[in-house]
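User: Hi! I am new to protein structures and would like to learn how to read one. Could you walk me through a feature or two?

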Amino acid sequence: MVVMSTKYCILEDTSGDEYAKLIGTARASPKSRGHYLNLAALLIVLMLLSCGVHKHFFSTGAGPDELIQRRPDMEIPSTVQGPFAPKTVPFDDTLTLGSEDLNESNPRVVRTANGMEPEQIFLALSTPDAMWVSWVTGDSQIGQNVEALDPSSVASVVVYGTETNRYTDSVNGTSEIYNQLYPFEGLDNYTSGIIHHVRMTGLAPDTLYFYRVGDPYLGSMSDEHSFTTMPAPGPANFPTRIGVIGDIGLTYNSTSTFDHLVQNRPDLVLMVGDLTYADLYVTNGTGSSSYSQTFPDTPIHETYQPRWDLWGRFMEPLTSSVPFMVIEGNHEKEPQADNRTFASYQARFAVPFKESGSPNSFYYSFDAGGIHFLMLGAYTDYSQISGQYTWLEQDLAKVNRSVTPWLIATWHPPWYNSYIAHYREVECMRMSMEELLYQNGVDLVLNGHIHAYERMNRVYNYTLDNCGPVHITIGDGGNHEKIALKHADDEPGLCPEISSTGDEFGTCGFNFDSGPAAGRFCWESQPEWSAYREASFGHGIIEVINSSHLLWTWHRNQDLFSSVGDQLYIVREPANCLNQPFD
């Protein structure tokens with residue numbers, strides 16, 4: 001059956017679909033194949049003329065035979081067909097729950113830079129015509145007595161251009177170091193290498209650039225790297241593939257996630273928090289998959305900061321060529337002396353917070369082609385009287401959906417989660433911000449925190465809503481804390497007490513007063529808003545087809561690179577949803 005509206009159209013596969021019969025008859029009957037194929041082609045052309053379906057659905061550059069070959073795309077479900085019945089995929093017992101961290105001698109993480117040679121190169125988007133690049137020079141130190149490096153001792157320079165080994169532009173930036181200090185006897189302190197941040201400007205859209213970073217006066221420039229800028233903002237311009245990873249850490253499972261992601265060739269990556277898990281270690285370098293159980297008596301939650309340097313080297317083969325956009329998770333908090341937190345996160349990453357009017361890197365926004373991204377902070381004040389909430393209102397008021405029709409939001413802990421782990425932990429944040437995001441027609445929400453995969457039906461305020469966003473939890477990057485298995489609805493007694501939930505800003509949990517879970521804090525079966533859940537490591541890929549269709553794909557680590565664990569077309573419906581305008 002062909003479903004059309006004035007703004008978009010899709011093909012739905014249903015039992016006894018007339019279109020499927022038409023194609024099947026054309027294949028089965030050679031004598032009448034031409035007649036039926038002409039009818040099928042006419043039907044598709046009428047659809048294309050009606051609403052301009054993107055070439056991802058059909059090719060207009062070849063004959064009817066190619067149209068038939070693209071039929072598998074039509075079999076991918078879409079949100080128009082939802083809501084879907086809840087589905088749980090049982091854990092595959094042939095898989096391990098987790099794996100060990102890479103040690104410091106692993107070839108993927110050892111330091112190969114000499115002296116002040118650059119390493120840990122990391123790209124991030126700025127404005128549409130600018131790109132941040134960060135790197136580290138000099139060696140970090142850890143011990144009882146450490147002496148900080150002098151950031152002014154080495155320059156922060158990037159040379160770049162559109163031809164290999166021919167650099168027409170040069171720009172200087174800033175440099176800094178950070179310390180992780182513990183005022184307790186016996187604990188080691190840390191001081192970082194020199195961290196450089198440089199903003200390349202005047203970049204053309206959708207263009208390949210070559211660059212080198214370092215200090216040319218010391219003769220310590222990096223090898224040549226390259227990146228491609230995002231397409232210019234516009235309703236028909238989108239990145240080809242956007243990778244999404246969360247809670248990745250630095251384990252052998254992490255290497256599998258990373259290698260699968262590289263194979264999918266993203267041109268932008270979103271990291272939804274919890275990066276290195278340096279806080280699973282104490283300062284002498286001893287680690288555990290459960291800090292609280294292994295180190296219950298430490299005077300402060302320690303970290304082993306060299307894990308950040310190992311992680312930066314591990315990620316560099318991709319972060320030096322593809323922009324990565326990060327947001328903080330709970331494992332980036334890393335408390336130290338004088339109640340300071342998030343020191344490493346704030347020092348190591350350049351993000352466009354100033355460009356988007358935010359006062360700090362805990363929350364910010366940016367555009368990538370026709371998509372506006374909101375990167376929100378769950379570990380800074382999010383109340384309706386907070387600076388973050390005011391900034392969010394102002395940022396949303398500036399969004400022009402005729403230029404950036406897609407609106408995607410990201411933060412670390414999910415509002416919708418049926419696993420026991422962190423169950424309804426951020427109800428306060430949901431109650432503060434959900435209405436604002438719904439009113440402004442956010443299309444997709446991406447979270448981590450839960451070490452498993454879960455995709456929700458369109459939902460708002462725990463109610464199925466065809467105009468609500470699709471929430472997806474993808475905290476399954478492979479970290480040392482292992483996979484999450486149990487759900488709050490698996491059996492009686494697993495539902496946590498309300499008093500045990502909440503975050504540092506309060507506990508806002510409540511028993512539901514209506515619906516399937518009326519009178520209870522948890523559902524007795526998989527909630528109706530939970531469409532698909534599976535405990536497995538992996539990553540996600542976003543492919544925006546056009547201004548109304550987005551393809552979401554989840555890839556599992558145990559599968560071949562081309563295999564799909566879960567897939568869905570997310571369809572914007574501005575004709576039916578007043579909160580999803582085109583302008």
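**Reading the disulfides**

Analyst: Happy to! At 16% relative accessibility, cysteine 467 counts as buried, where buried means under 20% relative accessible area, exposed over 50%, and partly exposed in between (1.4 Å probe, protein chains only). This is a predicted model: local features need pLDDT of at least 70, side-chain atom pairs count only at pLDDT 80 or more, and totals for chains, interfaces and linings use all residues. Residues are numbered from 1 along each chain as its sequence is written, and side-chain values use heavy atoms, with hydrogens and water left out.

User: Which cysteine forms a disulfide with cysteine 467?

Analyst: A disulfide is a covalent bond between the sulfur atoms of two cysteines. Here it is counted when a pair of cysteine sulfur atoms lies within 2.5 Å. Cysteine 467 is bonded to cysteine 577, with the sulfur atoms 2.1 Å apart. The torsion about this S-S bond is about -85°, so the disulfide is left-handed. Cysteine 577 is buried, at 2% relative accessibility.

User: How many disulfides does the structure hold?

Analyst: There are three. Another one joins cysteine 428 to cysteine 508, S to S 2.0 Å. Its torsion is about 95°, so this disulfide is right-handed. Cysteine 428 is buried at 11%, whereas cysteine 508 is partly exposed at 28%. Cysteine 495 and cysteine 522 are also joined, S to S 1.9 Å.

User: Is cysteine 495 buried or partly exposed?

Analyst: Cysteine 495 is partly exposed, at 29% relative accessibility. Its partner in the disulfide, cysteine 522, is buried at 3%.
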